[in-house]
Amino acid sequence: MTTARRLMLAVAAVAVGLSACGERDQVTVYKQGQYQGKPDTKPWENDPGASLYTSSKWNKGDKTSWESAVRTRNLAQNEYTRVE
Amino acid sequence: MARMKFLCDAERCIECNGCVTACKNENEVPWGVNRRRVVTINDGVVGAEKSISVACMHCSDAPCMAVCPVDCFYRTEEGVVLHDKDLCIGCGYCFYACPFGAPQFPQAGAFGLRGKMDKCTFCAGGPEKDLSKEEFAKYGSNRLAQGKLPACAEMCSTKALLGGDGDVIADIYRQRVFKRGKGSEVWGWGTAYGKPDQPKAAPAGAKS
């Protein structure tokens, strides 16, 4: 047997022997299902005047203006900017 | 935008349960169901007592969604985790999966019949026509559709509970922590609200 063949056999034996040492995930990976319920409407698709007592103003269907209105409302939670 | 989140400042929460009351009132939640509650540790121990208001945290990778056998959960574009009560079978898997105990089950009858799951909706209603009677009856108020934020956060008297766009409330909280200027090892009014930059000089003859 030639040296090259012996070397190849040795490499193959090592590869086969070490293949059992591989690491596999032991944790179950949950695959999330697809939502099966009814569709929901987006908040910005509502008319701002649809409810009483709301001070927020946005253009119906315009997500950016709704976000801006909510952001303004959100910043009101920072009392430091309200008092300074 | 914007992922809607809650953030509760344990330094400020005074366990007044205003958030719990606001939630109950806004959504007309039935008796026995608590969408939000205040948890206190080291109750009565001076300096070590901390309270925090807990509800559904609207997880980015929500375990309730993962375990639901009928796939009744969905996440809105604003990052709010909601569910369809028409589809819910009341099995309770979501309750076991949730690390915050957010899912609640109304009980009725002599044998404690377990109803369909109810939880915090971030005041975003559910999969019914927005601002309709059906939506209110099943899911409670839809304040997001009115350009408002959750009643619990907006009602909080000490502004311990912040709710809204995660980036915005993180900025508010960061500014607050900088104002305090100290770590969590100290407590009290100065820690929670900061101290004035220039303390007023004590009047002559006053005790220090």
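pLDDT is the predictor's confidence in each residue, from 0 to 100. The structure described here is a predicted model, in which local features need pLDDT of at least 70 and side-chain atom pairs count only at pLDDT 80 or more, while totals for chains, interfaces and linings use all residues. Residues are numbered from 1 along each chain as its sequence is written, and chains are lettered from A in the order in which they are written.

The model scores ipTM 0.82 and pTM 0.80. Chain B has an average pLDDT of 88, with 85% of the residues at 70 or above.

Turning to where the chains meet, 32 residues of chain A are in contact with 36 residues of chain B, contact being C-beta atoms, placed from the backbone, within 7 Å. On the chain A side, helices H2 (63-75) and H3 (79-83) are the elements that each give two or more residues, and H2(A) supplies the largest share, eight residues.

Within chain B, strand E1 (residues 4-8) runs antiparallel to E8(B), joined by five bridges; DSSP must find at least two for strands to pair. Here Lys5(B) stands opposite Gly164(B). In strand E8 (residues 161-165) of chain B, five of five residues are buried, that is, with 20 or more other C-beta atoms within 10 Å of their own.

Technical notes
Two residues are in contact if their C-beta atoms, placed from the backbone, lie within 7 Å. Helices (H or I, at least four residues) and strands (E, at least two) are DSSP runs, numbered from the N terminus. A residue is buried if 20 or more other C-beta atoms lie within 10 Å of its own, exposed if 12 or fewer, and partly exposed in between; C-beta atoms are placed from the backbone.
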